[in-house]
Amino acid sequence: MPYTVPKLTDFSTIALDGAVRELLSALDQESAAVASENEWKVYRDWWMARKNGVLTQLNDLWLKAAPGPSKKDVGQRVNELRGTVEAKVLATKERCATLSIARSIVEQGQPMIDLARAFVEAAEKSGGRILSNEEALQKAERLDITLPGIRRPLGAEHPVIKTMNEIVSVFRNLGYSVEEGPEIETDYYNFEALNFPPNHPARDTQDTLFIAGQESKTLRDRLLLRTHTSPVQIRTMEKIKPPVRVVCPGKVHRNDAPDATHSPVFHQVEGLAVDTNITFCDLKGTLDHAMKALFGSSVKTRFYPSFFPFTEPSADVQISCIFCGGKGTRDGGPCRNCKASGWIELLGCGMVDPNVYGFVDYDPAKVSGFAFGMGVERIAILKYGVDDIQLFFNGDVRFLEQFG
Ligand SMILES: [Zn+2]
């Protein structure tokens with residue numbers, strides 16, 4: 001019975017030593033039994049055939065099956081075995097060739113001188129290999145430290161996570177702590193406590209992904225995929241009395257069809273600061289600093305009136321276009337990135353609406369604060385010049401490894 005590769009379950013050094021010993025002994029025995037060129041071909045295919053040869057099976061049954069920590073050891077052994085098997089198969093072929101020359105000489109009854117000449121010719125034809133078989137074998141059995149090892153690709157942070165961490169670290173340096181919350185939220189935390197009126201369009205299934213089959217629950221207890229990380233702000237204020245300074249990074253969901261600028265899943269970083277005497281000036285100073293930290297010290301910010309149910313007054317923040325330096329023109333034409341306006345809208349913010357304090361038992365007469373929120377993908381797109389938000393979620397390694 002020719003050798004068959006056993007399936008390994010034990011990858012300890014002792015078990016591997018045993019398995020290698022068994023393989024080498026079978027390799028020698030089978031080689032010794034080869035007596036003709038046809039037998040050699042069968043032997044070669046059994047050990048080296050690309051499709052199901054022993055060497056191929058070693059890759060599948062030993063190397064691929066090896067658990068992480070054993071991979072290096074098994075890989076080295078499989079590499080060494082490959083060299084040994086190849087050399088042995090070659091050596092066996094040359095032994096067969098020598099043997100067949102000798103046989104034909106014996107059969108033809110030539111004198112010794114012809115035998116010697118035939119050997120020399122055969123040796124010359126094979127580039128001297130006949131006479132140096134054993135040497136070649138020894139060489140192959142030696143460990144060649146110049147052979148390339150097993151390359152394991154290094155992982156890297158996903159560009160979205162990388163950007164999210166950068167944003168968070170800007171606020172950590174300002175003394176903010178990080179809070180996280182559940183991605184499946186109740187209507188209460190996602191809308192009601194944030195001052196969304198009961199018939200606000202965001203509560204419609206057009207914009208929000210609700211969990212099915214909850215008709216028996218009251219509206220405020222119904223579960224949904226959070227549409228922003230703002231519920232974490234409510235949960236934090238329920239836990240902590242002012243002063244509060246937190247950023248809430250996380251994944252959010254909206255009922256949007258995917259296209260170059262929309263994705264049903266994306267990420268936000270929201271921030272909240274509540275203390276005595278916090279004013280809109282603090283908000284402006286904080287966000288101006290954060291935008292300069294993220295996009296460079298030459299970036300300017302401006303605040304535009306806006307509306308959010310949970311802040312009053314509310315503002316959209318724009319930064320001067322990082323592509324055209326705020327000029328609105330680039331390379332002699334209008335700047336595409338800012339639609340020639342010189343400004344790019346980036347995030348929403350505002351002073352926390354006093355109604356919100358009522359839900360978390362803060363006294364609006366004593367405390368004030370601000371909140372802001374930004375889309376992580378939006379910032380990553382600007383920072384890295386990405387033109388399609390879907391690239392972040394397709395999992396194409398060629399795209400992702402550029403950020404490694
Ligand atoms: Zn521009």
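This report describes selected features of a predicted model.

## Zinc site

The zinc ion has four protein donors, each an SG atom: Cys321, Cys324, Cys335 and Cys338. They lie 2.2 to 2.3 Å from the ion. The angles subtended by the 4 donor atoms run from 102 to 116°, which makes the arrangement tetrahedral. Along the chain, the donor residues follow the spacing C-x2-C-x10-C-x2-C.

Cysteine 324 is in the loop between strand 7 (311-320) and strand 8 (329-330), and cysteine 335 is in the loop between strand 9 (333-334) and strand 10 (343-352), so the pair ties together parts that are 11 residues apart in sequence. Cysteine 324 and cysteine 335 are both buried.

## Aromatic rings

A pair of aromatic rings is described by the distance of the centres and the angle of the planes. Searching the whole structure gives 15 aromatic pairs. One of them is formed by phenylalanine 171 and phenylalanine 372, with 4.8 Å from centre to centre and 25° between the planes. This pair counts as stacked because its planes are under 30 degrees apart.

Phenylalanine 171 belongs to helix 7 (residues 159-172) and phenylalanine 372 to strand 11 (residues 368-375), so the pair ties together parts that are 201 residues apart in sequence. Both of these phenylalanines are buried. Together with Tyr176 and Phe370, Phe171 and Phe372 make up one aromatic cluster.

## Charges over rings

In two places a charged side chain sits over an aromatic ring. Arginine 235 lies over the face of tyrosine 189, at 4.0 Å from the ring centre. The charged end of lysine 383 is placed over the ring of phenylalanine 295, 5.9 Å from its centre.

## Nonpolar cores

The largest nonpolar core has 43 residues. Those that touch the most other members are Phe171, Leu287, Met291, Phe295, Phe372 and Met374. At least two residues of this core come from each of helix 7, strand 5 (265-275), helix 10 (280-295), strand 7, strand 10, strand 11 and helix 12 (376-384). Apart from this core lies another, of 26 residues, among them Leu8, Leu27, Trp62 and Leu63.

Leaving aside neighbours within four places in sequence, methionine 291 is in contact with Gly296, Val299, Thr301, Ile319, Leu346, Leu347 and Met374.

## A buried lysine

Lysine 88 is located in helix 4 (residues 71-108). Lysine 88 counts as buried because its relative accessible area is 16%, and the cut-off for buried is under 20%. Between the C-alpha atoms of lysine 88 and tryptophan 62 there are 21 Å, while the two residues are 26 residues apart along the chain.

## Backbone details

Two cis peptide bonds involve proline. One joins proline 242 and proline 243, with omega about 5°; proline 243 is in the loop between helix 9 (230-239) and strand 4 (244-253). The other runs from glutamate 312 to proline 313, with omega near 0°, and proline 313 is part of strand 7.

Asparagine 195 has a phi of about 75° and lies in the loop between helix 8 (187-190) and strand 3 (223-225). With a relative accessible area of 21%, asparagine 195 is partly exposed. Aspartate 331 has a phi of about 50° and is in the loop between strand 8 and strand 9. Its relative accessibility is 80%, so aspartate 331 counts as exposed.

Note on methods: Residues are numbered from 1 along each chain as its sequence is written. This is a predicted model: local features need pLDDT of at least 70, side-chain atom pairs count only at pLDDT 80 or more; totals for chains, interfaces and linings use all residues. Side-chain values use heavy atoms; hydrogens and water are left out. Rings of Phe, Tyr and Trp (its six-membered ring) pair if their centres lie within 6.5 Å; planes under 30 degrees apart count as stacked, over 60 as edge-to-face and the rest as tilted. Helices (H or I, at least four residues) and strands (E, at least two) are DSSP runs, numbered from the N terminus. Buried means under 20% relative accessible area, exposed over 50%, partly exposed in between (1.4 Å probe, protein chains only). A charge sits over a ring if NZ of Lys or CZ of Arg is within 6 Å of the ring centre and within 35 degrees of the ring normal. Donors are N, O and S atoms within 2.8 Å of the metal (3.2 Å for Na, K and Ca); water is not among the atoms, so sites may look incomplete. Four donors count as tetrahedral if all angles lie between 85 and 135 degrees; four count as square planar and six as octahedral if opposite donors are over 155 degrees apart and all others between 65 and 115; anything else is irregular. A nonpolar core is a set of buried Ala, Val, Leu, Ile, Met, Phe, Trp, Tyr and Cys residues joined through side-chain atoms within 4.5 Å. Contact means heavy atoms within 4.5 Å.
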